[in-house]
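Open the model in your viewer and keep the selection tool ready.

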Amino acid sequence: MQPTGATVGVARVLARMRTLDATLPPRDGVAVFNRVYLQATEEVGRQIGAGGFRDAGAAAELDVRFALRYLGAVDAVTAGLRPPACWRPLFQLRCHPGVKPLQFALAGINAHIGHDLALALVDTCRALGCEPAALEADFDRVGQVLTGLEERVRERLMPGPDLLDIADPLTHLAGAWSLEAARDGAWTAARALWSLRGLPEVAEEFVQRLDAGVGLAGRILLTPLRG
């Protein structure tokens with residue numbers, strides 16, 4: 001992606017993700033998610049540069065603020081600090097031998113979509129001085145990119161059909177979580193947070209409970225499996 005005025009910030013977060021991709025052990029759970037998210041951010045960046053969004057500047061602002069939520073969690077752990085609750089299961093279990101790559105990928109997507117996306121959208125609205133409704137079309141476009149990527153991730157990281165059956169625990173876990181549902185939840189959470197912006201204590205409690213709930217779902221997704 002050749003950086004332009006709208007995409008220079010996207011290029012910077014991509015550089016951070018590529019550095020992580022080059023330095024983390026390939027089997028590390030954070031590395032698994034990072035590779036998935038790197039591909040998604042590259043695709044969003046390409047579409048921003050190609051005019052695939054209604055407002056390229058707003059889409060880039062959202063994309064960067066979204067990415068910085070994940071990178072902030074990485075920086076917190078590197079500094080010996082606690083990341084948000086939604087990210088703790090992935091960082092705590094990143095080297096567990098009983099957790100499959102697909103689980104790591106879905107747990108990271110769960111944390112990032114279920115928690116970070118809503119907060120990034122609110123941050124973007126504040127920065128641009130607009131209502132969430134003004135960004136709905138571009139929000140949906142980003143969601144479409146992520147949904148398409150989730151399908152490819154499942155195809156690539158799920159075992160072959162000869163190794164799966166309906167009772168397989170990995171099949172059950174993978175089928176119990178939906179990116180589309182998480183994206184819809186993020187939109188609803190963002191609208192609720194925007195409505196609560198005049199009530200900071202209530203908004204903070206909402207964010208804490210959202211964080212904890214998404215973290216619980218991540219813990220379930222990372223249930224160690226045999227084999």
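Which backbone oxygen does the side chain of T124 reach? Select T124 and A120: the side chain of T124 reaches the backbone oxygen of A120 at 2.8 Å. This is a predicted model, where local features need pLDDT of at least 70, side-chain atom pairs count only at pLDDT 80 or more, and totals for chains, interfaces and linings use all residues. Residues are numbered from 1 along each chain as its sequence is written, and side-chain values use heavy atoms, with hydrogens and water left out.

Stay on T124. It lies in helix 5, residues 101-128 (helices are DSSP runs of H or I, at least four residues, and strands runs of E, at least two, numbered from the N terminus). T124 has 0% relative accessibility, so it counts as buried (under 20% relative accessible area; exposed is over 50%, partly exposed in between, with a 1.4 Å probe and protein chains only).

Now show the whole chain. It has 9 helices and 0 strands. Of its 227 residues, 50% count as buried.

Next, select D28 and R94. Their side chains meet in a salt bridge at 2.8 Å, N to O (a side-chain nitrogen of Lys or Arg within 4 Å of a carboxyl oxygen of Asp or Glu). D28 is in the loop between helix 1 and helix 2, and R94 in the loop between helix 4 and helix 5, 66 residues apart. Both D28 and R94 are buried.

Finish in helix 9 with E205 and R209, 4 residues apart. Their side chains form a salt bridge at 3.1 Å, N to O. E205 is partly exposed at 40%; R209 is exposed at 60%.

Definitions and conventions: Polar contact = N/O pair within 3.5 Å; in protein donor to acceptor, adjacent residues only side chain to side chain.
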